[in-house]
Structures are given as C-alpha cells and as structure tokens.
Amino acid sequence: MQALQLSNFGASNLSLVDIALPEPRDHEVVVRLKAASLNPRDSQIIAGQFTTAVDFPLTPLSDGAGTVIAVGAAVTRFDVGDNVTTLFFPNWYSGEATAGERAVSTGLEVSGSAREAGIFHEDSLALSAPHLSAAEAACYPCAGLTAWSALFDKSSVTEGSWVLIQGTGGVATMGIQLAKAAGAHVIVISSSDDKLKKAEALGADHLINYVTTPEWGARAFELSGHGVDAVLEIGGNATLENSLNAIRHGGHINIIGYMAGIDMGITVFPLIIKNANLHGIGTGNRDSYECLMNFVADHRIRPPIHQRFPLRELQQGLNALDTESPFGKVVIDIPVS
Ligand SMILES: NC(=O)c1ccc[n+]([C@@H]2O[C@H](COP(=O)([O-])OP(=O)(O)OC[C@H]3O[C@@H](n4cnc5c(N)ncnc54)[C@H](OP(=O)(O)O)[C@@H]3O)[C@@H](O)[C@H]2O)c1
C-alpha cells in the first residue's frame, strides 16, 4: 500500500511512500480508497497558504471514496463491501459544533485521502449513494455537503424557491443539481458563456455573465420578481454587494467562498433594510451528509467531473484546479498501479 505524503509546503514536496495497515481495533474499519476529489483548501494547504500549523508528513486531501475491506469486532455502522466516503469533519455528527467538533478536519489535522487504504473510526465515515462510482462519490464530502447545508439547512430551499448560484465550480455545480432536484428556480452567474451553457444543460433556468453584466444582482432580483430566496455566495468581497441587491426581504445569503476577496467591507444598511440573513457555512455535519446522500440517491444525481488524474499526478490535478477554473470537480484516481 502506498500514500502520497507532503514533507514540507509546496507540491514538489509530495512523494509516494509505503504504508503499513495494522489490524482494525474494535470500532475501526479498513477502507481501500479508490478516488479523491480536490478542493481549493487542499491546494492552499499544500502550498502553505491555508495555515502554517501542519504536522509533517501530511497525507493531504479531505475527500475520498472507497470500499470497506475489514471491520473491527465491535463495528455496527458498516460491513465489508460497503462503499463509503470520508467526512470533512470526522467528529461532527449533528447540530452545531459547539463542543469543538470542528477542531479536526480530514487532510489537515488527521490523514487525508491521498492513500491506497486507511484505518478509520466507523463514526468518521458515511455510506455513499449506491448508484455513484467511487470517482463520483468522492465529489461530495466537502463541496456537495457545503451546497446542501447552505440550500436546505440554512435557507430551507424548496419547490418554487429562487436560488442564485455564483460560478460553475465544484460547490456551484452541485448546488445547481441539488436546487433543481428540489424544484427551485436557479439563476447561475459565470465569467464564461461556454460554462453558462453547460450550467443550463445541468438544469439552470437563467444565466448571467457577470463580466458583461456587472449589475447582475439587480438582474437576478428582476428575474425572480421579488428577489431571490437564497444565494450561494462564492466570491466574497467582489460579489456580496450584488448578492445583497439580488436577495429578497428575509432572504438567505450563504457565505461559502472567497474566490474574489476575503475582506467583505459592507455597510449594515442593506442587511437591515432587507431583513437579510447572512450565514457562514463550514461544510456541514454527518447527519446532513447522510440526508444529502439519500437525496442524491433518490434523484439519481451524478456530479459533473471536469478531469481525472492518477494519484501520482496530484500536482497536475492541483494545477488544473488552480488555473483552469474547472466546470465541476477535479478527481484523483487512487490506486497507484
Ligand atoms: N465554506 C465552506 O465550507 C467551503 C467549502 C467548499 C469550498 N469553499 C470555498 O468556496 C469557493 C469555491 O469552491 P469550489 O470548490 O467550488 O471552487 P472551484 O471549483 O475552483 O470554483 C471556483 C468558482 O468561483 C467562481 N468565481 C470566481 N470569481 C468569481 C466572481 N467574482 N464572481 C462569481 N463567481 C466567481 C468561478 O466561476 P466561473 O469560472 O464560472 O466564472 C469558479 O466556478 C472557494 O473559495 C472555496 O475555498 C468553502
């Protein structure tokens, strides 16, 4: 068995090493990992831009999918042969994380998915939706759950809701699919007309190019008639003002990303005038993830995959994520040979 480990910051410090797999203890399971997916956080961790608090060597990547190949004597959640994914926060099971449940995240404080197999506590995994391949299942632990938490846990999106989604990356494309499956009207903004066409093929109802229509917030307000019910806010600094123009009274803006700046200098007035709700979103908990997997199974949803790379080419995969502005997810196929 091999793992790709980071010995210091910088993707050139990734190398394959042999790993041993001990016998699982009572509540542990052994998972043969088959695929991982990449998120901007993985790239930032590897580059040393996310935190300096990294305990090297680090096995990176939060999101992985595979099959259970052995279980400890007291395991009740899984059987050998089950297809599972990692959880972004392996200790956060339900409700708000008021007791430090978010202190540990996969691929940073504990080993991530860039390895052929691993031992996990049974509580730190979830079953994959049965129709998904490993590559598809690996897309959900971070980006999929983030879109789910924002749309349904925080914004109560339902049939007939209006949802504004920024961009066409991992979180956005899964947000489009989930919102459409729930019966919502979906407005997507992107810098690329080509990617807007692909978003339409995924189900988006209204398309706005945010470069050629810089006042896209007002346009979204107009399209929805009364303002949108929910925004997946991916941009941050450069997008929040437009999001506030788009939102309805009492609507929900879900702060997810910082693709266009981290410092959101806004005045309080638009929030007060619109009775708007701002939600910080930090992926989500296991209960929500299990609801997400059931919903994805019920609606036979398959996430869009931009490109796949073998594990030994993780560096090229990270480059694709950082420079190609993918439509959907970048996936890593794990078996090394
Ligand atoms: N809070 C959380 O729990 C959480 C979880 C996952 C990700 N994130 C964050 O969310 C962001 C997106 O993650 P991702 O995985 O979806 O990344 P991704 O796949 O790399 O997608 C990035 C997207 O950002 C869009 N974008 C960039 N600048 C924009 C702007 N000015 N206005 C509107 N859209 C803009 C791009 O849209 P076009 O190319 O279509 O123009 C692109 O589709 C990142 O900042 C990431 O760190 C947060």
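## The ligand and its surroundings

Around the ligand stand 26 residues, and the closest of them are Ser-190, Ser-191, Lys-195, Tyr-210 and Ile-281. The model in which they are seen is a predicted one, and the distances that follow are computed from it. A polar side-chain atom of Tyr-210 lies 2.7 Å from an oxygen atom of the ligand, and a polar side-chain atom of Ser-325 likewise lies 2.7 Å from an oxygen atom of the ligand. Ile-281 takes part through its backbone, where a polar atom is 2.7 Å from a nitrogen atom of the ligand. Taken alone the ligand exposes 920 Å², and the protein buries 90% of that area.

## Salt bridges across the chain

Side chains of opposite charge can pair when their charged atoms come close. In this model the count comes to 10 salt bridges. One of them joins Arg-77 to Asp-123, with the closest N and O atoms 4.0 Å apart. Arg-77 lies in the loop between β4 (63–71) and β5 (83–86), while Asp-123 lies in the loop between β6 (117–121) and β7 (125–127), so the pair ties together parts that are 46 residues apart in sequence. Arg-77 is partly exposed, at 25% relative accessibility, and Asp-123 is also partly exposed, with a relative accessible area of 22%.

Another salt bridge is formed by Arg-302 and Glu-136, whose closest N and O atoms are 2.8 Å apart. This pair links distant parts of the chain, since Arg-302 sits in the loop between α9 (286–298) and β14 (305–310) and Glu-136 in helix α2 (residues 134–137), 166 residues apart. Arg-302 counts as partly exposed at 39% relative accessibility, whereas Glu-136 is buried, with a relative accessible area of 12%.

## A link between strands, and a network

Arg-308 and Asp-333 meet through their side chains in a salt bridge of 2.8 Å, N to O. Arg-308 belongs to strand β14 and Asp-333 to strand β15 (residues 329–333), so that the pair links distant parts of the chain, 25 residues apart. Both residues are partly exposed, Arg-308 at 47% relative accessibility and Asp-333 at 22%. Elsewhere, salt bridges that share partners join Arg-77, Asp-123, Arg-286 and Glu-290 into one network.

## A nonpolar patch on the surface

Val-268, Phe-269, Ile-272 and Ile-273 make a nonpolar surface patch of about 440 Å². Among these residues, Ile-273 lies in helix α8 (residues 269–273) and is exposed, because its relative accessible area of 59% is over the 50% cut-off.

Terms used:
Residues numbered from 1 in each chain as written. Predicted model: local features only at pLDDT ≥ 70, side-chain atom pairs only at ≥ 80, totals over all residues. Heavy atoms only, no water. Patch = residues over 30% accessible without salt bridge, like charges linked within 9 Å, V, L, I, M, F, W, Y side chains within 5 Å. Areas by Shrake-Rupley, 256 points an atom, 1.4 Å probe, with all protein chains shown as cover. Helix = DSSP H or I, 4+ residues; strand = E, 2+ residues; numbered from the N terminus. Buried < 20%, exposed > 50% of the residue type's maximum accessible area, 1.4 Å probe, protein only. Near = heavy atom within 4 Å. Polar contact = N/O pair within 3.5 Å; in protein donor to acceptor, adjacent residues only side chain to side chain.
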